[in-house]
Amino acid sequence: MSSTTLTPIKETEGLTLKKWFLNIYRAVTSVSKGMMITMKYAYGVKPVTIEYPEVREVLPENSRSRLYNDAENCISCYQCAVACPVDCIYITATKRDKDADKIKTSNGTAIRLDLVQYTIDTALCCYCGLCTTVCPTECLTHTTDYEFSQYTLDSMKYDYLAPDIRSWRDRIVK
Amino acid sequence: MDIKNQEKLHTDLLTMNMGPQHPATHGVLRVEIKTDSEIIAEAIPHLGYLHRCKEKHSENLDYRGIIPYTDRMDYLAAMNMEHGYCLAIEKMLGTEVPKRAEYIRVMMAEMQRIASHLMFFGTYAIDLGAFSPFLYAFQDREFILRIFEELSGARLLYNYIWVGGVWNDINDSQLKRIEKFMVELEENVKKYHSLVGENAIFIGRTANVGVLTKDQVYDYGATGPMLRGSGIDWDLRKTRPYSIYEEFDFNTVVGVGAKGTVGDCWDRYYVRVFEIFESIKIVRQCLDGIEEGPIMGKVPKVLKVPKGEIYLRTECPRGELGYHIISDGTKTPYRVKVKSSCFTHVSMLGEMAPGQMIADFVATIGSIDIVLGEVDR
């Protein structure tokens with residue numbers, strides 16, 4: 001193999017005494033100009049960061065965080081599961097007995113199916129909000145609760161019929 | 001062998017990998033470089049570390065479900081990604097978008113452009129060894145993200161622009177806050193430019209580095225600030241207006257080689273930073289022109305796009321983004337091909353690198369302003 005020696009494409013100009021002093025002058029003036037701006041920020045500007053675990057930011061009302069399904073108002077229409085682009089909503093519903101009491105949601109829609117399973121895999125969820133917009137009874141909503149980390153992937157599957165998840169309706173960690 | 005006689009010494013190029021975990025490659029880009037000590041002889045970019053099969057996924061999703069996926073392409077300019085996609089679908093459907101929605105869309109797209117360019121400004125300063133400009137830029141970007149969060153509910157991946165309009169309406173207090181912030185931002189960006197762009201060390205690192213001539217950018221098909229940085233006046237918002245851009249009065253920023261040759265890293269930096277001012281102009285005109293009215297046009301509940309195909313391109317912060325959508329008349333598209341500008345720009349690294357020092361190469365990668373999410377999709 002032949003030996004290779006490359007030369008850089010960026011040309012370096014010859015240095016004269018005048019240029020040398022001019023360089024120093026330019027560097028000092030522009031750096032001091034920059035330092036002036038930095039100093040203005042260092043003193044006289046209020047801190048913009050918050051100390052997170054002690055101080056928590058309140059998210060805007062329509063912020064899209066953890067999903068919550070109010071299972072009592074759910075009519076098992078499957079629309080959320082169809083709209084979901086990542087297919088993370090699992091619904092099982094059985095037909096309601098004819099003899100059973102007729103129940104209605106809070107906005108008056110008749111419930112014709114018994115919800116057996118309503119699980120959302122929160123680890124898969126991409127928080128796009130498409131499921132909440134198609135919900136006819138508006139029982140599936142995004143909450144502003146953003147602290148729900150778990151130790152295992154399995155525990156990210158939230159079964160909204162289980163009492164411990166249902167009690168998270170208004171939960172916001174404080 | 002006589003050591004003093006250097007010509008007889010056997011030397012060879014050293015092959016190295018820069019990345020994928022290199023902080024200066026902005027994500028997961030691996031560049032295989034062949035070097036002679038500090039000087040690069042050849043650079044080969046390797047892509048695909050962030051490939052998520054977006055185009056294949058799109059073939060199995062309904063037209064609305066694709067919007068969250070387009071967000072995830074260029075996650076720093078998600079509004080612009082959605083905007084292009086929705087424009088393409090609307091053109092196929094023949095939907096008329098209400099005027100208010102159009103104004104909100106353009107305003108959001110321009111604010112996203114500001115946020116994206118601020119991000120470039122911050123990370124480019126970090127690449128060249130200055131840390132505090134990054135924090136200043138983030139302070140201003142934070143306001144924009146806050147407005148987006150209040151409107152759409154998310155900070156980065158909005159799903160805000162929908163086929164036919166936008167999701168939520170903007171209220172007067174938010175408009176006032178934006179107006180107030182634009183005054184602040186204009187002053188701040190001037191300050192930042194004097195802090196970084198006029199700095200002697202910054203000029204020394206970027207002027208005459210990574211020069212792209214007009215012929216080179218034409219050959220590779222570069223778009224956006226890369227093209228304008230090389231002195232070509234081409235902006236889709238101006239030359240091929242889409243949405244309602246023809247109503248607005250703004251200038252395109254073109255690199256003139258103020259600190260070195262035309263098409264060097266400093267010019268690309270200059271184009272991006274001064275585009276912020278032009279975007280501020282557009283946002284102000286939006287604030288003046290916005291009118292009351294509905295925010296959603298008439299769109300069927302189940303979207304079935306008529307048979308046919310379309311290619312639509314929009315001007316995104318990083319260049320032109322093209323959507324080639326083929327519909328077979330069903331609920332899901334037959335094909336959604338995305339032409340990304342970053343993909344083109346990454347391939348230009350091999351053209352710029354030979355003969356550069358490694359430190360200059362870092363400056364060159366930074367000046368391209370790539371987002372690997374858009375390169376690999």
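Two residues count as in contact here if their C-beta atoms, placed from the backbone, lie within 7 Å. The model I am showing is a predicted one.

With that cut-off, 30 residues of chain A are in contact with 35 residues of chain B. On the chain A side, the largest share comes from helix H1 of chain A, residues 17–42, which supplies nine residues. Sorted by class, the side of chain A that touches chain B has 16 nonpolar residues, ten polar ones and four charged ones.

Next, chain A as a whole. Its secondary structure comes to four helices and five strands. Read from the N terminus, the order of the elements is α-β-α-β-β-α-β-β-α. Chain A is divided into domain 1, residues 15–48, and domain 2, residues 67–166. How far apart do the C-alpha centres of these two domains of chain A lie? The figure is 59 Å. Of the 174 residues of chain A, 14% count as buried. As for contacts in chain A with a separation of 6 or more, 75% of them are between residues 24 or more positions apart.

Some of the strand pairing in chain A can be followed residue by residue. Strand E2 of chain A, residues 89–95, runs antiparallel to strand E3 of chain A, residues 113–121, and seven bridges join them. Within that pair, Thr94(A) has Asp114(A) in E3(A) as its bridge partner. E3(A) also pairs with strand E5 of chain A, residues 157–159, in the antiparallel sense and over three bridges. There, Thr119(A) stands opposite Asp159(A).

Now to chain B, starting with its strands. Strand E2 of chain B, residues 30–36, pairs with strand E1 of chain B, residues 14–18, in the antiparallel sense over five bridges. E2(B) also pairs with strand E3 of chain B, residues 39–46, again antiparallel, over seven bridges. Met16(B) stands opposite Ile33(B), and in E3(B) the bridge partner of Ile33(B) is Ala43(B).

Which residues of E2(B) are on the covered face, and which on the uncovered one? Val31(B), Ile33(B) and Thr35(B) make up the covered face. Arg30(B), Glu32(B), Lys34(B) and Asp36(B) make up the uncovered face. In a regular strand, side chains alternate between the two faces of the sheet. The hairpin of E2(B) and E3(B) has two residues between the strands, and Ser37(B) in that hairpin takes a positive phi near 50°.

Further along chain B is helix H4, residues 99–127, with 29 residues. From its first C-alpha to its last, H4(B) reaches 42 Å, close to the 42 Å expected at 1.5 Å a residue. H4(B) is largely enclosed by the rest of the structure, because 24 of its 29 residues are buried. After H4(B) comes Gly129(B), with a positive phi near 95°.

Last, the records. An unreviewed UniProt entry annotates residues 114–138 of chain B as "transmembrane region". In the model, that span is 84% helix and 0% strand, and its end C-alpha atoms lie 11 Å apart. The UniProt annotation "domain: NADH-quinone oxidoreductase subunit D", also from an unreviewed entry, covers residues 127–302 of chain B. Over residues 127–302, chain B is 55% helix and 2% strand, with the end C-alpha atoms 47 Å apart.

Definitions and conventions: Residues numbered from 1 in each chain as written. Chains lettered and ligands numbered in written order. Predicted model: local features only at pLDDT ≥ 70, side-chain atom pairs only at ≥ 80, totals over all residues. Domains from an automatic or database assignment. Buried ≥ 20, exposed ≤ 12 C-beta atoms within 10 Å, placed from the backbone. Pairing = 2+ DSSP bridges. UniProt positions renumbered as here; feature names shortened; annotations may be inferred. Nonpolar A, V, L, I, M, F, W, Y, C, P; charged D, E, K, R; others polar. Expected span 1.5 Å × (residues − 1).
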